[in-house]
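Dear colleague,

Please find below the structure that I am handing over to you. A summary of the findings follows it.

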Amino acid sequence: PYDVLVVGGGPAGSSAAIYAARKGIRTGIVAERFGGQVLDTMSIENFISIKQTEGPKLVASLEEHVKEYNIDVMNLQRAKGIEKKDLFELELENGAILKSKSVIVSTGARWRNVGVPGEQEFKNKGVAYCPHCDGPLFEGKDVAVIGGGNSGIEAAIDLAGIVKHVTVLEFNPELKADDVLQKRLYSLPNVTVLKNVQTKEITGTDTVNGISYIDRDTEEVKHIELQGVFVQIGLVPNTDWLEGIVERNRIGEIIVDKHNGTTIPGLFAAGDCTDNPYNQIIISMGSGANAALGAFDYLIRN
Ligand code: FAD
């Protein structure tokens, strides 16, 4: 059996596996797609100590670093369930069962898509999901934020300090964000809020040049010219396969303690799949390291 089996091969999982392997214990990684969300990222400018890099380039160095160690990498394998007997038994979609004394779940999350024409086509070409990451790319430009919940309004406030103008599009007749955020938003001079509107299409040529929406009161279709669209309608953790097994919060994030431990002794979780408040590469790597040290501590006590 493994001492530490890591499920997920993004920044959190890579970091967890390297920290575990450096303790000289038997370590494996199962990943549906090694690299995770970083593979879908163009420019990265906030991975501290590297001024600028690209997602695929960072994934290549993650892989190279992981390969420095004696870590079994099982890529293109999806986990579908886990059970704790004497050992943890991780079941893969292909039917295989992997046994381990401890497990670190780092299966990440995915941004909910709006699913309108143009969204896929202009991803990284004006369509963005992370204001902390991509906000500065739109300095002095006009952008839209789709979604009037807390994350949408936080994004709009954040972006208003960087870009020329922000238009918020909310499907419902009212914003769902907290009152303090709404007050702050309405105090800003360069923000327009459109409520009861449905995004119809993100338009562009090489990059985004506008957004079309339906005014749900009048059913009229309108178009605004702008250069960027931030989609903020939710980040979904990849934890469905753990339903009923480990404690999760209302939105499905795994609840972790200071050691990144979960409600099951020996089962740890790290990165975007957990209830940590901010989802970033550097934060995921830190939590992966923390989870591996937590798992090592668990192993020497059991
Ligand atoms: P992920 O990167 O999501 O990795 C999850 C891993 O788990 C993957 O290997 C996946 O295949 C695997 N997996 C999922 N389910 C299963 C399963 N059932 N079985 C086996 N494996 C599974 N952050 C920054 O700091 N700077 C940026 O500039 C930046 N830009 C971004 C741009 C985009 C377009 C996106 C989408 C995100 C961006 N982020 C950025 C956020 C950052 O990518 C994430 O916070 C980070 O990747 C989270 O790491 P993670 O390891 O927790 O999860």
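Which residues does Leu-90 touch, not counting residues up to four places away in sequence? Leu-90 touches Leu-5, Val-7, Val-30, Ala-79, Ile-82, Ile-97, Leu-98, Ser-100 and Val-103, where contact requires C-beta atoms, placed from the backbone, to lie within 7 Å.

Two remarks on the source are in order. The model is predicted, so local features need pLDDT of at least 70 and side-chain atom pairs count only at pLDDT 80 or more, while totals for chains, interfaces and linings use all residues. Residues are numbered from 1 along each chain as its sequence is written.

Leu-90 belongs to the largest nonpolar core, which has 42 residues; Leu-5, Ala-16, Leu-90, Val-103, Ile-104 and Ala-269 touch the most other members. The largest share of this core, seven residues, is supplied by helix H1 (residues 11-21). Apart from this core lies another, of 32 residues, including Ala-144, Ile-146, Val-163 and Leu-226. A nonpolar core is a set of buried Ala, Val, Leu, Ile, Met, Phe, Trp, Tyr and Cys residues joined through C-beta atoms within 7 Å. A residue is buried with 20 or more other C-beta atoms within 10 Å of its own, exposed with 12 or fewer, and partly exposed in between.

Helix H1 also meets helix H2 (residues 55-67): their axes, which are lines fitted to C-alpha atoms over the stretch in contact, with angles running from 0 to 180 degrees between N-to-C directions, come within 10 Å and cross at roughly 20°. H1 is therefore roughly parallel to H2, a term for angles under 35 degrees. At this meeting, Pro-11, Ser-14, Ala-17 and Ile-18 in H1 touch Leu-62, His-65 and Val-66 in H2. Helices (H or I, at least four residues) and strands (E, at least two) are DSSP runs, numbered from the N terminus.

An open sheet of five strands runs in the order E10-E17-E11-E12-E13, with parallel pairing; two strands pair if DSSP finds at least two bridges between them. Its edge strands, E10 (127-128) and E13 (191-195), each pair on one side only. Strand E11 (residues 142-146) and strand E12 (residues 165-170) are joined by five bridges, and Ala-144 has Thr-167 in E12 as its bridge partner.

Finally, two residues other than glycine have a positive phi. Asn-196, with phi near 60°, lies in the loop between E13 and strand E14 (197-204). Glu-219, with phi of about 65°, lies in the loop between strand E15 (208-215) and strand E16 (220-225).

Yours sincerely

How values were computed:
Contact = placed C-beta atoms within 7 Å. Parallel < 35°, antiparallel > 145°, perpendicular 65-115°, else oblique.
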